[in-house]
Amino acid sequence: MLAFSSASADGASSTGELVPFSSEARATAVFPLHHGLKPPISRLSISWARGNSLRVSFFRKPSGDDSDGDEFGGKVLEVRLSGGDGDMSDAQFRRIAYGSVSPFALLQSRRNSAVSLSKISSPYHVEWWEYVMEYSKDINSLLSDPKSLTSPAIEDPKAVLQKAEEPICLKAAWDVMEIFYADKQSQSWLPERLVDWLAAYNGLLSSTQATIHSQLISFQKELVTLQVKMLRLHGSYQLDQIGNRETENGLVEAVAVLISKMPRLRPELQAGTLGECHRAKPDFIKAWEKWRAHITKLDCSAYWVRCDHDQTRKGLRNMLQIMLGNTNSLCTATCHWMELYIAHFLYIRPFTVGLESMYSLARKCMQLKPMTISHRLIQLLLGIIGDNTEVVLAECSRAFGPWMVAHAIELLASGSDQAETLLREEHYNLGGISIEELHRLVYAQVLSSDALTWQIAPIYLTSCIKQGMGLLEILLSKQPVQDVQILLKVIEICRLYELDSVSSNIMKIAGVYHWKHGRKGSGVFWLQQARDEVRLNRIAQQLFDFVGQSISDESFKQWEGLIELLGSESKTAGGLEFLHKYRDFKKSLKQVNDGKTTDAAQQAVESLISLMKNPSTPQQFWLPILYDSLKLLSCQERPLLNVSETNLLLNKLQELSMAKLRPDFIEADLPPQALGSVRLALATNLGRAIVEE
Amino acid sequence: MAKSLVTLEKGTVCSAWNYCGQRLATGSGDGTLAVFDSQDPASSSSFTRTSKSRLHEDGIVKVVWVPSEYGDAVACICTEGNVSLWEEVKEDAQPLQWKLCKSFKSNSAKVLDIQFGISLRSLKMVAAYSDGHVKVYELLDCLELKNWQLQAEFQNVIESVFTFSKALCLSASISWNPQGGESQESSFVLGFNSDTPLLNSSKVWEFDPAHQRWLPVAELALPGDKGDQVYTVAWAPNIGRPYEVIAVATHKGISIWHLGLDPDLDGRLSVEKVALLSSHKGEVWQMEWDMSGMTLATTGSDGVVRLWQSNLNGAWMEKAAFEPTS
């Protein structure tokens, strides 16, 4: 299954996303395919390559004359259909893909052992949340890694900016999901976590507009320097001691101090940030009320009248209003609804808990301060606050791609019982798999599209209990096994996951490939590994063709080599035993021919007898063998065969003559006087042997 | 988004990729077979032509790769309707070259489509002819592609009582179940585009070893559509679903069928039509399933490549369309 990017569709009518849940019909995304050929195109042809790559062949109709000139007859294009993160470079994607394998695998193995220990399908205890959090942190650190963030080759400065944005966006999305789903410990100060999140990623959300945050940052900086100056002038400082001469400065200071003492419901603050932390609610409430009292006191103080500078007075009073939680002031001051939303948590209702109230608040803020273009992170956040798992998944898929969905599902599933049920429920329409499994399959298919990442797909596929192995088998069967490295890799994976039939098939393909390309030894080797008896038998049969023929030394060597290879393991028993003996016999015959010692002759005779005695020697080869050994039989110095041996051979000849009368007898391809010569030689031998004895 | 892999010569009319997508065989109108190889198996870039041979006078209309367990070989259907099998071998001292292994000549009818399948350890070739006949050939020798035996001949009808001698078929489409192999019988689906309605509808054929013949175990057409001409069929790979998915294209559109796995008492399999997709204007030429069997790519005479998927509710929709531009 695929997820599509709409970014590369120039002028597409609408976003082209894969939303596996939506029942609404969405307009199809249309993409152009530039083939660069002069029309007319007479035919198209399509074929899937690895994973999600689609190859399209275009054929031009050749015009009868030469008006085509140098035009090609056709072209083949490859289209990679990948996920929503179309803006990330291949290298970045690979880095993230490789880095997420261990955390994923670790979590799966923990789940498996937890399931087997506790025997329930959902291990819902504290330890499990810790594992999920650890997983989340691992992925988070992977996304924060500077190497993930920067692209190595800088060609186009704008492109670098764009490419750098993508992994940061992924990290932002991961962060927000971690906050809401995985981080169980920080649930009580969730709003503050959201403040931090917005602080970190505000740049992404509204890249063009100035934001209150940036203004706040600069103001904070100003305040700090001001504070230092004032302290130097006044020494110790008390709220009540504001001198007349420097009312304005005094007021600024007062507000600054108030800001710096703002109570925050969170365990700790980053260095350099203003505010005071309170962990427990009762402490916080006390401090909050005290703080508010101070603000009100300052607001009502008489010093405002004496402040000369109009702008300062207005600005400071506005700030006080903000701190008092005046909705209008907040609305005017903030730039988009997210900021207003966060401002609510800080200034109006710091005790907001529960997704429902958060959601209704968000909707209210959106009405008050609508955003013209909604960033995908905002969409995601809305889905999360809205407690709608389907929307969250759809947004992840559309905006962040298959990698995100496949990995974030673990976070979503640990968020709530309902989410877990939804994600792990089996769907008939998908062929019986769950949404969780579906997205892992989708992601695995994305990994399979690249020669550099297909090897990590098995880890995801084997975690899919229903259809993972089926897809893995197909993935492995489609690897090009002519390359030894890839072949060995495939075999290793098959062994790891006990996919014997796939392994044997792949080895068979390799064996046949080598055999047909003249590398007979390799061919036999791989066919033996594959235990392909049928083909090995066939090869053995081919070797029989050599028997009784005079062949060149080189061919004999090859033939001999093949017999060796086939030898010990092959179960084409009887036949090969014969070939082994025949090989020995031929070798010793050769030694005799080379004129070596009489020992060789004796050996040859022994081989001959052994061969003729052996029941596995096919009858059709008796005469050829005997004809081959004519030289032995008609040895000049002395008879090499004794009486019984000669008699044996003569008997065989007799049998042969009888067999000739049968209809299915195969006539050996020998000169007509062969039989006669052999008989004569044997008879002579017999005579001499009897004399010797 | 799209990368150019290969440029083809003038007169090329058909192409086919091998099982792993590393080799491309193309056939042209003058009978030339050209093969392109990737130099680097790790990436699918840099394809160069490694061979070009003029096989015969007759133009090639379709090229089909033989399953790689049997070697690097292709079958070519030529314009006169004959089929020839060519294999790339290196014999003894000779260089690597494409050699003719077998020529299937038929006097009367033209071959419209052929597809290879592996069933119970033997290689089978199904050929559909222009007279409405279907022949299944079996390879006798697993190491050589020379010896073939005609295993069966029949017509694409449910009731074998009907035989049509004068059928005129324009095209046919065969698709084997991708799953088949060593330990089991494989089946294929076959449909015709002809003037004889009973021959047209797509039927699933399975071999019955007890009676040594091929039997139709399912018909993929609704009662009112049985006479519709079938342009093309495609059987999806099954990665673990409890049913098979087959796509059938007729002039009414592309139907997606679910085929049950367990036969009933008559040996028939249950069928259910789950979708009718009708965006293509004109004839559908080709349909291909991706490796997971979840996405269908189609192309037709309107020149557009479309991608289809099913959602959670089982509704099939067009997900993307690719329009060629120069």
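Helices here are DSSP runs of H or I with at least four residues, strands are runs of E with at least two, and both are numbered from the N terminus. What you have open is a predicted model, where local features need pLDDT of at least 70 and side-chain atom pairs count only at pLDDT 80 or more, while totals for chains, interfaces and linings use all residues. Residues are numbered from 1 along each chain as its sequence is written, chains are lettered from A and ligands numbered from 1 in the order in which they are written, and side-chain values use heavy atoms, with hydrogens and water left out.

**Stop one: a helix in chain A**

Select residues 389-400 of chain A, and you have helix 15. From first C-alpha to last, its 12 residues reach 16 Å, close to the 16 Å expected (1.5 Å times one less than the number of residues). Nine of those 12 residues are buried, so helix 15 of chain A is largely enclosed by the rest of the structure. Buried means under 20% relative accessible area, with exposed being over 50% and partly exposed in between (1.4 Å probe, protein chains only). Then step just past the helix to Gly401(A), which takes a positive phi of about 95°.

Cys396(A) is buried, at a relative accessible area of 0%. Now hop to chain B and click Cys101(B), whose nearest cysteine sulfur, that of Cys76(B), is 11 Å away. Cys101(B) is buried too, at 15%.

**Stop three: where the chains meet**

Show both chains together. With contact meaning heavy atoms within 4.5 Å, 81 residues of chain B touch 91 residues of chain A. About 7,600 Å² is buried between them, 59% of it from carbon and sulfur atoms; this is the accessible area (1.4 Å probe) that the two parts lose on being put together, summed over both. On the chain B side, select Leu143(B), Met291(B) and Leu312(B), which lose the most area to chain A.

Next, zoom in on Lys516(A) and Glu87(B), whose side chains form a salt bridge at 2.6 Å, N to O. The count between the two chains is two salt bridges (a side-chain nitrogen of Lys or Arg within 4 Å of a carboxyl oxygen of Asp or Glu). Finish on strand 25 of chain B (316-325), which gives nine residues, the most to the side of chain B that touches chain A.

Technical notes
A disulfide is a pair of cysteine sulfur atoms within 2.5 Å.
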